[in-house]
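Subject: Structure handover

Hello,

Here is the structure for you to look at. Please open it first, then read my notes beside it.

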Amino acid sequence: MTQCAWPKGGERMQAYHDEEWCRPSRDERYLFELLTLEGAQTGLSWQIVLSKRDSYRQAFHDFDIDYCAALTDEDLEAIKETYGVIKHAGKIKSVRSNAQAVQNLKADYASFADFLWSFTDGEPIINDWQTDAQIPAESPLSVQLSKEMKKRGFKFVGPVTTYSFLQAIGMVDDHLKTCRFHTTNRRQPS
């Protein structure tokens, strides 16, 4: 089977592709972690972000949403100076504002997961791409979700970043149809 071509950046990239990418999740912390990491990636490579993932987990207490929402400007500055995270001040501040936006969703939704998955009626979108060139950078869904998230105060959630986030949390399966990690291939008995 032909595997997706993009995870050629070493073991960490391959493990992410094989074990996480496009696998549906409704775990609040994991969703928040991937939202944070995808926002941090803006303008950078995913390989760089994955290499800093452990530092992000330490700095933001394993992406505890309440902890992140309560961070002060001084806390965020200390994180920037102390931890091996991407040093972009806006990206670091977005962790707090995005955590606060997640908390504010509770007025309308039971959880962040319920909010996100409501855009697909709770079901993943499983694409059947034959080549990497067919995979879009954004979609009508990512544009719609991006607009809604921005209205609700989320930062670093443009349509391209949001599409990557949808892939990361498994709302969209963009593994090549021939990749053994595509949803239909994972469902087949070994």
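Below are my notes on helices, cysteines, backbone angles and aromatic rings.

This is a predicted model, in which local features need pLDDT of at least 70, side-chain atom pairs count only at pLDDT 80 or more, and totals for chains, interfaces and linings use all residues. Residues are numbered from 1 along each chain as its sequence is written, and side-chain values use heavy atoms, leaving out hydrogens and water.

**Helix packing**

Two packed helices are described by the angle between their axes and the distance between the axes. Take helix 2 (residues 28-41) and helix 10 (residues 159-168): they pack at about 145 degrees, with axes 9 Å apart. Axes here are lines fitted to C-alpha atoms, for helices over the stretch in contact, and angles run from 0 to 180 degrees between N-to-C directions. Helices (H or I, at least four residues) are DSSP runs, numbered from the N terminus.

Which residues of helix 2 meet helix 10? They are Tyr30, Leu31, Leu34, Leu35, Glu38 and Gly39. Their partners in helix 10 are Thr161, Ser164, Phe165 and Ala168. Contact means heavy atoms within 4.5 Å. By class, this contact has 6 nonpolar, 3 polar and 1 charged residues. Ala, Val, Leu, Ile, Met, Phe, Trp, Tyr, Cys and Pro count as nonpolar, Asp, Glu, Lys and Arg as charged, and the others, Gly among them, as polar.

Now helix 1 (residues 11-19). Met13, Tyr16, His17 and Asp18 are buried there. Buried means under 20% relative accessible area, exposed over 50%, and partly exposed in between (1.4 Å probe, protein chains only). The cover over these buried residues includes helix 2, helix 3 (46-51), helix 4 and helix 10.

**Cysteines**

How many disulfides does a search of the whole structure find? It finds 0. A disulfide is a pair of cysteine sulfur atoms within 2.5 Å. For Cys4, the nearest cysteine sulfur is that of Cys179, 3.9 Å away. Cys179 is likewise in no disulfide. Cys4 has 1% relative accessibility, so Cys4 counts as buried. Cys179 is buried too, at 0%.

**Positive phi**

His61 has phi near 45 degrees, a positive value in a residue other than glycine. His61 sits in the loop between helix 4 (53-59) and helix 5 (65-69). Is His61 buried or partly exposed? At 43% relative accessibility, His61 is partly exposed.

Phe156 also has a positive phi, near 55 degrees. Find Phe156 in the loop between helix 9 (140-151) and helix 10. Phe156 is partly exposed, at 27%.

**Aromatic rings**

The structure holds 10 aromatic pairs. Rings of Phe, Tyr and Trp (its six-membered ring) pair if their centres lie within 6.5 Å; planes under 30 degrees apart count as stacked, over 60 as edge-to-face and the rest as tilted.

Look at Tyr109 and Phe115. Their centres are 5.3 Å apart and their planes at 75 degrees, so the pair is edge-to-face. Tyr109 is partly exposed at 26%, whereas Phe115 is buried at 0%.

Then take Phe112 and Phe154. Their centres are 5.9 Å apart and their planes at 15 degrees, so this pair is stacked. Phe112 lies in helix 8 (residues 112-117) and Phe154 in the loop between helix 9 and helix 10, so the pair ties together parts 42 residues apart in sequence. Both Phe112 and Phe154 are buried.

Finally, ring pairs link Trp6, Tyr16, Trp21 and Trp46 into a cluster. Tyr16 is one of the buried residues of helix 1.

Best wishes

Technical notes. Helix = DSSP H or I, 4+ residues; strand = E, 2+ residues; numbered from the N terminus.
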